[in-house]
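Please open the model in your viewer and keep a selection panel at hand.

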Amino acid sequence: MSRAMAFEKISSTPPRPRPIGRVNWLGLWTLYRKEVMRFVNVFTQTLAAPVVTALLFFAIFNLALGRAAPAWEGVTYEEFLAPGLIMMTLVQNAFANTSSSILISKVQGNIVDVLMPPLAPWELTVGFAMGGVSRGLVVALAVLLGLLPFAPIEIHSPLIAVYFAFMASLMLSLLGMIGGIWAEKFDHIAAVTNFVITPLSFLSGTFYSLERLPENWHIAAHVNPFFYMIDGLRYGFTGYSDGDVLVGALLVLLVNVALFAWAHRMMATGYKLKA
Amino acid sequence: MSAQDPREALGDAPRVRPIGRPHWRGLWTIYRFGAVRLSRIVLETIVGPILSALLFLAVFAIALADTQGFGGEVSFLQFLVPGIAAFAMIQASYEMAAFPVVYDKLEGTLADQIMSPLMEWEIALGYALVGATAGLIVGAGVLAVAWAFVPLAFANPWMVVAVAPLAALAFAFLGTVTGLWAQKWDQLSVVDTFLMLPLAFLSGAFFALDRVPAVGETLIRLNPVTYAIDAVRYAVSGWHATEPWLALAVVAALTVGAASLSLRLFSIGWKIKA
């Protein structure tokens, strides 16, 4: 076969467009993989640092309490604190993943590379959100493993624990997307992180039972989804809860549906994404 | 133009400005450059650290307040406020010195400073002074806000004046050294995560040393951060776990050590010049 014939054979079969079904699985998988590789690449900042921070919090609270550790209904402070720290770390990291990914892409201008491929708005929303969910869950698991040697962790109801861990990382991933799309510079997202996400993750019952708060704060706590996420995960671990776990489960589900619709709407209209 | 005009006599050539050592104007210029840069992102550099220190304070106060006793001399909050202020100051000093060094190195603008008629050690001093300034503002901010809720005695005011700038400078100089060492952000984050964060947390900032098991106490007494925090706490509340003079001496020694190391490394162009 001559070279010319071979060439002709190639040129007579141009690459055909890949038929895309109802769901662009390859595109969705590619976006998800990109989102995961992004945080895995810098794992000292995205995985090691949060885990070390959580372990240090665990250490200083136990050192400060010493042997005076109070117990709630048979739950020691160590058992009480561990799920709180896991949820705090999960929340902060899920938010950081999507917000930084989208904002950096916007600032650097490579967001077009994500918007150009044949991905539907809902596929973009799911792809980004699942990247954040993965980071949240991986970090949570790493904190759990790191705490195991120091805290007597028993899982009371694994399904409830997994439900709240998943819902919380989804909620913060979606919030991170919304924040990342809304923000125009790093200052904006730093403000949201510093003034909203970090305070809520610290003050919503991570380190103490809400019974320690003054009466009039209880109402505020009971409309705070962060409280229900921490409380729900704590119930999954210890069987102890401050609030109603079923109410919490429904509330986080509703909030997630609303946030998904909001994030999807932003992707569909191209708010602050497309000129 | 008259013949007496000195500019004509010199042929309009710019004259060489005599530069002494230290090069005050150059030092002031890079200090101002660094300070203005940090002030443009004041939310991340000053407000964020103050807020997160106040969050620590709130969380400790709510979770632990009734479990701690200090023999009636000081309340738990009076014990905690200076500790957390010093903790925030040390972290901010370190970071606000380390981040700019890494950033300028990666962006290549460190070369612009080295080309200027500044000695390398003057450049190091500039970075450290900027970091220390940021740290002092953060520490003062934490104290000021906390003062609105917790009565602070300022038992030994001269000690604040002596120890706070020294400690801020010490950790800022350490920041310039790790900044110089790190070739990328990831490496800086490794030092942060596995060295600075544990040193800052496992010091006497959050708990009294006598609560810790004996082995832990020995380790914590080997941690220089403990002395910086204890000296600040002595100054603000009067309560102390170590001898105030010893604490001040340790901080001073650390400052001298960190400063000599940093100035030396900049002078030989470690990791800067090929």
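What follows is a set of selections, each with a note on what is there.

This is a predicted model, in which local features need pLDDT of at least 70 and side-chain atom pairs count only at pLDDT 80 or more, while totals for chains, interfaces and linings use all residues. Residues are numbered from 1 along each chain as its sequence is written, chains are lettered from A and ligands numbered from 1 in the order in which they are written, and side-chain values use heavy atoms, with hydrogens and water left out.

**Select chain A.** Its secondary structure comes to 11 helices and zero strands, where helices (H or I, at least four residues) and strands (E, at least two) are DSSP runs numbered from the N terminus. Along the principal axes, the C-alpha atoms of chain A fill a box of roughly 85 × 40 × 35 Å. Of the 275 residues in chain A, 50% are buried, meaning under 20% relative accessible area with a 1.4 Å probe and protein chains only.

**Select residues 76–107 and 185–201 of chain B.** These are helices H4 and H8, which pack at an angle of about 170° with their axes 12 Å apart; axes are lines fitted to C-alpha atoms over the stretch in contact, and angles run from 0 to 180 degrees between N-to-C directions. H4(B) is therefore roughly antiparallel to H8(B), a label for angles over 145 degrees. Contact (heavy atoms within 4.5 Å) involves residues including Phe87(B), Tyr94(B) and Phe99(B) of H4(B) and Trp185(B), Leu188(B) and Phe201(B) of H8(B).

A search of the whole structure finds two cavities of 30 Å³ or more, a cavity being a set of points on a 1 Å grid over the protein atoms alone where a 1.4 Å probe fits but cannot get out, with lining residues having an atom within 4 Å of a point.

**Select the lining of the second largest cavity.** This cavity has a volume of about 50 Å³, and its lining includes Phe79(B), Phe207(B), Asp230(B), Arg233(B) and Trp239(B). Helix H10 (residues 224–237) of chain B gives the largest share of that lining, four residues.

Methods:
Parallel < 35°, antiparallel > 145°, perpendicular 65-115°, else oblique. 1 Å grid on protein atoms, 1.4 Å probe; cavity = no way out; pocket = protein on both sides within 12 Å on 5 of 7 lines; lining within 4 Å. Points joined across faces, edges and corners; volume = space filled by probe spheres on them.
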